[in-house]
Amino acid sequence: MSNIKYFSKGDNGMAHDKFQKKYKEAQPVVAICYDFDKTLSPDDMQAQGFIQSVGYDVADFWKDSNGLATNNAMDQNLAYMYMMKAKSAGKVLFTKQQLTEYGAKVQLFPGVDGWFERIRVYGKEKGVIVEHYIISSGLKEMIEGTSVAQAGAFECIYASSFYYDDNNVAVWPAQVVNFTNKTQFLFRIEKGVLDINDAAINESFSPEDVRVPFRNMVYIGDSDTDIPCMKLVNTYGGHSIGVYNGGTNDKTKVYKMMRDGRIKYFSPADYSEGTELDALVKAIIDRTAANEALETLHYQCKKERIAADKESSDEDRKKTDLIIELENSSSFAGTHSVISKLLKIDSWTNEQKNTLFEIALHNSQVLYILGDSDVSRFYQKLLSSTRNLSEAAQKIKDAIGAHQ
């Protein structure tokens, strides 16, 4: 079960809207993000019943819609939403229910119906939580009407949507998602700040507290409108996949996206078990499980180091860092540089002294220049403050004496 909490805005005279937040899980989370049209469905959702219902030819509808956008410096998505509302007048009811019913008729690519739950189960078997998200310029209401959405496939659907009046009739755009602002939703998924009005998206998160690192994101899309998301996911170590219609086998778009460095992989949009896409996503889940085990170990070591730092002073940490630096010195110049810093310190514990004697004995970059004035002065200073010389300390004393 997802780690979800809800918070209100507070008593400031505003409505107490509750925002859905998710927090880091005990297991790693893989977020698979999908475009919708021509990614999960072979065609634009509006072209599968709605456009025809308002008496338009599909090609003519998009021509007029895009022309409206061009002639009025208008967002193309706002243009098609306006066209849908305007052209439905007197012909069809333009209600949320009606749009949802059109969504129920949207055709899906092979295997989509069983894909989401099957991949979730596979992830669970590998110790990975798999979540599915839609990031689409299509209509949220229509996507919500699809069989997969009705079955609860998606953690969240980010898509264009309408505001409805008291009669449930669409009257105004409530949310518009275009290819450039799609990326904001990836950041929301990353931080677990899912509500589109939650300003917590701007809060700073330490890497270990990020719920879904970009390296654990998969973005699946089909065209140029997905490029900003693909590029962002790629840049931060995630996985972008271009899909194409296996029926037409037209790979023109995925070839271009691969050529331009937008995607890492491509495959037919066949979501059935045993297909290329199925094997690819499962391989990504396998890799994530192994990689996150290492990341967990890294953060455990980091936390232990932070705890240890809190138990020691800045001076002690400085001494420890210099001892390590001397031990790792691989050149005479490096040794002289460290010695100059060590000479500024007057107080050493017996344990630290013994370590410094051992380093001089076993690191040739120190041992061979014990006769140099700075190195000799530092070790003579250590020897003079040491009562009972260890075997290593005695050997260093003898070596310094041989150089005199």
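A disulfide here is a pair of cysteine sulfur atoms within 2.5 Å. By that rule, the count for this predicted model comes to zero disulfides. Take C33: its sulfur is 7.7 Å from the closest cysteine sulfur, the one in C229, and that is too far for a bond. The two residues are both tucked away, where buried means under 20% relative accessible area, exposed means over 50%, and partly exposed is in between (1.4 Å probe, protein chains only). C33 is buried at 1% relative accessibility, and C229 is buried at 0%.

Residues are numbered from 1 along each chain as its sequence is written, and side-chain values use heavy atoms, with hydrogens and water left out. Since the model is predicted, local features need pLDDT of at least 70 and side-chain atom pairs count only at pLDDT 80 or more, while totals for chains, interfaces and linings use all residues.

Now for the overall build. The protein has 17 helices and nine strands, read as DSSP runs numbered from the N terminus (helices are H or I with at least four residues, strands are E with at least two). Its C-alpha atoms fill a box of roughly 105 × 55 × 45 Å along the principal axes. The radius of gyration, taken over C-alpha atoms, can be set against a globule rule of 2.2 Å times the number of residues to the power 0.38. A compact globule of 404 residues would come out near 22 Å, but this protein has 31 Å. Of the 404 residues, 45% count as buried.

Salt bridges come next, each being a side-chain nitrogen of Lys or Arg within 4 Å of a carboxyl oxygen of Asp or Glu. The count is 19 salt bridges. One of them pairs R211 with E25, at 2.9 Å from N to O. This pair links distant parts of the chain, 186 residues apart: R211 sits in the loop between α8 (183–191) and β7 (217–221), and E25 in the loop between β2 (18–22) and β3. R211 is buried with a relative accessible area of 2%, and E25 is buried with 14%.

Another salt bridge joins D226 and K182, with the closest N and O atoms 3.0 Å apart. Here too, distant parts of the chain are linked: D226 is in the loop between β7 and α9 (227–235), K182 is in the loop between β6 and α8, and they are 44 residues apart. D226 is buried at 0% relative accessibility, and K182 is buried at 1%.

Within helix α11 (residues 276–310), D278 and K282 are four residues apart, so about one helical turn separates them. Their side chains meet in a salt bridge of 3.1 Å, N to O, and both residues are buried. Elsewhere, salt bridges that share partners join K22, E25, E131, E155 and R211 into one network.

Two other residues round out the picture, with contact meaning heavy atoms within 4.5 Å. S65 lies in helix α2 (residues 58–71) and is buried at 0% relative accessibility. Not counting residues up to four places away in sequence, S65 touches Q76, A79, Y80 and M83. D43, in the loop between β3 (29–34) and α1 (50–53), is partly exposed at 32% relative accessibility.
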